[in-house]
Amino acid sequence: MAWDRDIHIKSLAEIPLMREAGRVNALALAAVRELLQPGVTTADLNAAAEETLRKHGAYSPFKNYGQPPFPASICASVNEELVHGIPGKRKLKEGDIISIDCGAVVEEYVGDAAFTAE
């Protein structure tokens with residue numbers, strides 16, 4: 001596997017697109033964070049992120065990535081799950097620790113961030 005290790009200096013036109021991808025990603029993570037409470041499913045969290053991405057004309061770089069294709073727009077790892085948890089029917093319980101990773105693609109630029117909460 002070859003890795004492109006060159007440094008690519010961004011143009012003044014690219015900086016606002018990168019900023020917008022990060023902003024939309026932050027909005028998606030905020031929508032997820034607002035839902036965090038016992039009884040909510042990780043699928044509910046994924047749906048909130050997807051709705052926010054769609055509302056802002058963005059999409060997830062995670063969904064359909066790889067083989068087999070990743071089925072969701074966020075990674076939702078609960079308690080002992082290390083990374084890349086797949087959202088589903090699992091309901092959060094009081095005291096659960098959850099890590100959420102989300103990405104947003106806006107005009108081919110990617111914003112990506114994560115948070116962990118209890």
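In strand β3, Val110 is the bridge partner of Val105. Ile98 is bridged in β3 to Ala117. Strand β2 (residues 98-106) and strand β3 (residues 109-117) run antiparallel and are joined by nine bridges. Two strands are taken to pair if DSSP finds at least two bridges between them. The hairpin of β2 and β3 has two residues between the strands, and in this hairpin Glu107 takes a positive phi near 50°.

The model is predicted: local features need pLDDT of at least 70, side-chain atom pairs count only at pLDDT 80 or more, and totals for chains, interfaces and linings use all residues. Residues are numbered from 1 along each chain as its sequence is written, and side-chain values use heavy atoms, with hydrogens and water left out.

**Overall layout**

The protein chain has two helices and three strands, and from the N terminus on the order of elements is α-α-β-β-β. Helices (H or I, at least four residues) and strands (E, at least two) are DSSP runs, numbered from the N terminus. Along the principal axes, the C-alpha atoms of the protein chain fill a box of roughly 45 × 35 × 20 Å. Of the 118 residues in the protein chain, 36% are buried. Here buried means under 20% relative accessible area, exposed means over 50%, and partly exposed lies in between (1.4 Å probe, protein chains only). The protein chain exposes about 7800 Å², of which carbon and sulfur atoms supply 56%. Accessible areas come from the Shrake-Rupley method with a 1.4 Å probe; for residues, only the protein chains shown count as cover. Among contacts in the protein chain with a separation of 6 or more, 55% are between residues 24 or more positions apart. A contact means heavy atoms within 4.5 Å.

**The sheet**

The three strands form an open sheet in the order β1-β2-β3, with antiparallel pairing. Its edge strands are β1 (74-78) and β3, each of which pairs on one side only. From one strand to the next, the twist averages 10°. Angles run from 0 to 180 degrees between N-to-C directions, and axes are lines fitted to C-alpha atoms, for helices over the stretch in contact.

**Helix α1 against the sheet**

Helix α1 lies across β2 and β3 and runs at about 30° to β3. Asn25 lies in helix α1 and is buried, with a relative accessible area of 2%. Apart from its neighbours within four places in sequence, Asn25 is in contact with Cys102, Gly103, Ala104, Gly111, Asp112 and Ala113. Gly22 is also placed in helix α1. Gly22 counts as partly exposed because its relative accessibility is 32%. Between Gly22 and Asp112 the C-alpha to C-alpha distance is 6.8 Å, although they are 90 residues apart in sequence.

**The helix pair**

Two packed helices are described by the angle between their axes and the distance between the axes. For helix α1 (residues 14-35) and helix α2 (residues 42-55), the axes come within 8 Å and cross at roughly 145°. The crossing of α1 past α2 is right-handed. A crossing is right-handed if the near helix is turned clockwise from the far one by less than a right angle, and left-handed if anticlockwise. On α1 the contact is made by Val24, Leu27, Ala28, Ala31, Val32 and Leu35, and on α2 by Asp44, Leu45, Ala48, Ala49, Thr52 and Leu53. By class, the contact of α1 with α2 has ten nonpolar, one polar and one charged residues. Ala, Val, Leu, Ile, Met, Phe, Trp, Tyr, Cys and Pro count as nonpolar, Asp, Glu, Lys and Arg as charged, and the others, Gly among them, as polar.

**Backbone exceptions in the loops**

Most residues other than glycine have a negative phi, and most peptide bonds are trans. The peptide bond from Gln67 to Pro68 is cis, with omega near 0°, and Pro68 is in the loop between α2 and β1. Asn79 and His84 lie in the loop between β1 and β2.

| Residue | Phi | Relative accessibility | Class |
|---|---|---|---|
| Asn79 | near 55° | 34% | partly exposed |
| His84 | near 60° | 54% | exposed |
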